[in-house]
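Start with the model itself. Then read on.

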Amino acid sequence: MTGTQLVRLGEADLPPLSDPRRSRGSLAHDDQFVIRPAHQLDLVALSSVGDRRYYADRLARQAASLGVLLTAWHSDRPVGDVYLWLEEAEEQPINRRLSGVPLLTHLIVREEARNRGIGSALIAAVENHVVALEHSRLALAVRTDNSEAARLYDRLGYRDWEWGPVVCHAERTLASGRIVLEPETCNVLVKNLG
């Protein structure tokens, strides 16, 4: 399956993500990665590299048309993912000032696959999807101490929203299986896509 095909998730159809040339990238000389929406059958593979509860929740939200979980694959192995949040923001300052603006969340590239264009390709796929949904802006929150990610977003055209940092809450699963919310101070960045 390529990133340009429609994927049926329950009753919801996702629009094409992008031009096929933008949904593929190179990991090494002959190795390719493909970006596509995740589907329920991916849960086992995704759980091998991350929190099963997180991925199960995002797949359920995707099935309800509340977001899109985009994944980058090298062969049959997930090497990165990002979630496009289409619900209202959970953080009141963001919700109040950016009501209705989709949010790019949880961008992650596995350590062994970093610095190969996967993060940029995932962001481009999200941006293309947002445009296909007829939105003209995309926002995200990045921890104030995550300078590496901030540099990437700046290079890709994301700019500070001008209302200062926001306290966001990240979910963390403890060894016991209990989920706790941890506060994180974040800068909110916005990009105009139109």
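Strand β11 supplies the largest share, three residues. By type, the lining of the second largest pocket has four nonpolar residues, one polar residue and six charged ones. About 150 Å³ of space lies inside the second largest pocket.

Some notes on reading this. The model is predicted, so local features need pLDDT of at least 70 and side-chain atom pairs pLDDT 80 or more, while totals for chains, interfaces and linings use all residues. Residues are numbered from 1 along each chain as its sequence is written, and side-chain values use heavy atoms, without hydrogens or water. A pocket is an open set of points on a 1 Å grid over the protein atoms alone, where a 1.4 Å probe fits and protein lies on both sides within 12 Å along at least five of seven lines; a lining residue has an atom within 4 Å of a point. Its volume is the space filled by probe spheres set on those points. Nonpolar means Ala, Val, Leu, Ile, Met, Phe, Trp, Tyr, Cys and Pro; charged means Asp, Glu, Lys and Arg; the others are polar.

Now move to the largest pocket. Which residues lie nearest its centre? They are T105, H106, L107, I108 and A141, out of 48 lining residues. The elements that give two or more residues to this lining are α3 (52-63), β7 (103-109), α5 (118-132), β8 (137-143), α6 (147-155), β10 (166-173) and β11 (179-192). Strand β7 gives the most, with seven residues. The largest pocket holds about 1,700 Å³ of space. Its lining divides into 23 nonpolar, ten polar and 15 charged residues.

## The chain as a whole

The protein chain has six helices and eleven strands. Both are DSSP runs numbered from the N terminus: helices are H or I with at least four residues, strands are E with at least two. The chain has 194 residues, and 43% of them count as buried.

Buried means under 20% relative accessible area, exposed means over 50%, and partly exposed is in between (1.4 Å probe, protein chains only).

| Residue | Relative accessible area | Class |
|---|---|---|
| Y83 | 0% | buried |
| W85 | 6% | buried |
| E127 | 11% | buried |
| R61 | 19% | buried |
| H106 | 34% | partly exposed |
| E162 | 71% | exposed |

Take R61. This residue is in helix α3. Leaving aside neighbours within four places in sequence, R61 touches L66, G67, Y83, W85 and E87.

Next, E127. Helix α5 holds this residue. Apart from residues up to four places away in sequence, E127 is in contact with L138, Y158, K191 and L193.

H106 is in strand β7, and its phi is near 55 degrees, a positive value in a residue other than glycine. E162 sits in the loop between β9 and β10. The phi of E162 is also positive, near 80 degrees, and E162 is not a glycine.

## Rings and charges

How many aromatic pairs does the structure hold? There are four. Rings of Phe, Tyr and Trp (its six-membered ring) pair when their centres lie within 6.5 Å; planes under 30 degrees apart are stacked, over 60 edge-to-face, and the rest tilted.

Why is the pair of Y83 and W85 edge-to-face? The ring planes of Y83 and W85 lie at 75 degrees, with centres 6.1 Å apart, so the pair is edge-to-face. The pair of Y153 and Y158 is edge-to-face too, because its planes are at 70 degrees, with centres 5.8 Å apart. Both Y153 and Y158 are buried.

Technical notes. Contact = heavy atoms within 4.5 Å.
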